[in-house]
Amino acid sequence: MTIILNNRPNNKEKVQSRNREKIWKVIRALMDFSVEEVSTLTELAYQVVSSYVFHLYNAGYVRQAGKRKEGDGRKRVLWRIAKNTGPKAPVICRCLYDPNIDSTLLTSASEVKDVD
Amino acid sequence: MKKVFAKTSNVTNFVSAMNRLVNRQDGIPGMALIFGEPGLGKTRTTLWWAAQNDGVFIRTKKLMTGRWLLEEIVAELGEAPLRRTSDLFRQAVDQLLDRPRTLFVDEADYLAHDARVIETLRDLHDTTGTPLVLIGMDAADKKLMRYKHLYDRFSEVVKFNTLVLSDIKAIADQMCEVKLSEDAVQYIHSQANRFRRVVVQLYKSESIARANSLKEVTAAHLQGVKK
């Protein structure tokens, strides 16, 4: 059996990266945002946006900035961007951390996690 | 309530102007001006369009000089800004020629007092030919009319208006999950002319419909709740 090595991003990865770019662009311009707001502006599913925002939150890129009452009377968490590093969207990947040399290294099995 | 980006008359005007701008013929200048009172969704609409169509969104600051603006544009186009102003301009031009993208400049009336800055934007448009959209406050068109060379290049000028009756009907059709009668739409129009207020009313009518298992909500139902 021959294995063809293919390093080009497949279709799913392309869609994921495009979605990340969209979400990141809207987040950076809005400063204060709720996940619902971003999902209507990007026309992406709520889960897609919330998963990406959650990853950004874990990495310290966004932080919670109180709550806002929406039209239905329920409160939504308001997020604020804390690290506006530039126009390219941060990529989520699994990696290997080495405490001896204090650095993050990509493993060969690095994969982009569920932002589709 | 359906979570969609409601297409009001402002949005459709904007979208058709953007389509004309992007697919314009040779010789027609590609600058546009979007203006209107605050709170009508100019920034939201442009962001929505920029996210779908790979636009570049720049928010200006009051203290911005030409150099700072160019630096911001270059950074936003994805390059590390160089030191000299001439290099910055060249970088911006190279990036835009390499991969043409629509530039959106929010709060453009901040720049209106400084001819050098605003004419830099015009230079950028003239050398690259990429569409450039300025977004400004209510009197932005009058402020920018002073710069005749610039104003001539606006092939599209879109004014954002407050919501009218047909807009509220469109929002209700696109977002609300129950049917609203004519007089209910009129009632909402008399109560609210800002988007956020309209959405509150729509949520209210949905909850009335759910509680009373109604097929259609009328003005009488909505007024009943208020007491």
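Reader: Which element gives the most to the lining of the largest pocket?

Author: Let me begin with the general idea, which is that rolling a probe the size of a water molecule over the atoms shows where empty space is left. In this model, which is predicted, the largest pocket holds about 1,200 Å³ of space, and among the 48 residues that line this pocket the closest to its centre are Glu37(A), Gly41(B), Arg44(B), Phe195(B) and Arg196(B). The element that gives the most to the lining is H10(B), with five residues.

Reader: Which elements give two or more residues to the lining of the largest pocket?

Author: Chain A supplies helix H1 (11–30), helix H2 (35–42) and strand S2 (62–69), while chain B supplies helix H1 (9–22), helix H2 (42–53), strand S2 (56–59), strand S4 (132–136) and helix H10 (195–212).

Reader: How many helices and strands does chain B have, and what box do its C-alpha atoms fill?

Author: The secondary structure of chain B consists of eleven helices and seven strands, and its C-alpha atoms fill a box of roughly 70 × 35 × 30 Å along the principal axes. Of the contacts in chain B with a separation of 6 or more, 73% are between residues 24 or more positions apart.

Reader: What part of the 227 residues in chain B is buried, and how far apart are the mean positions of its charges?

Author: Taking buried to mean under 20% relative accessible area, buried residues make up 48% of the chain. As for the charges of chain B, 34 are positive and 28 negative, and their mean positions lie 6 Å apart. The accessible surface of chain B is about 11,200 Å², with 51% of that area belonging to carbon and sulfur atoms.

Methods
Residues numbered from 1 in each chain as written. Chains lettered and ligands numbered in written order. Predicted model: local features only at pLDDT ≥ 70, side-chain atom pairs only at ≥ 80, totals over all residues. Heavy atoms only, no water. Helix = DSSP H or I, 4+ residues; strand = E, 2+ residues; numbered from the N terminus. Buried < 20%, exposed > 50% of the residue type's maximum accessible area, 1.4 Å probe, protein only. Contact = heavy atoms within 4.5 Å. Areas by Shrake-Rupley, 256 points an atom, 1.4 Å probe, with all protein chains shown as cover. Lys, Arg positive; Asp, Glu negative; His and termini not counted. Charge placed at Lys NZ, Arg CZ, Asp CG, Glu CD. 1 Å grid on protein atoms, 1.4 Å probe; cavity = no way out; pocket = protein on both sides within 12 Å on 5 of 7 lines; lining within 4 Å. Points joined across faces, edges and corners; volume = space filled by probe spheres on them.
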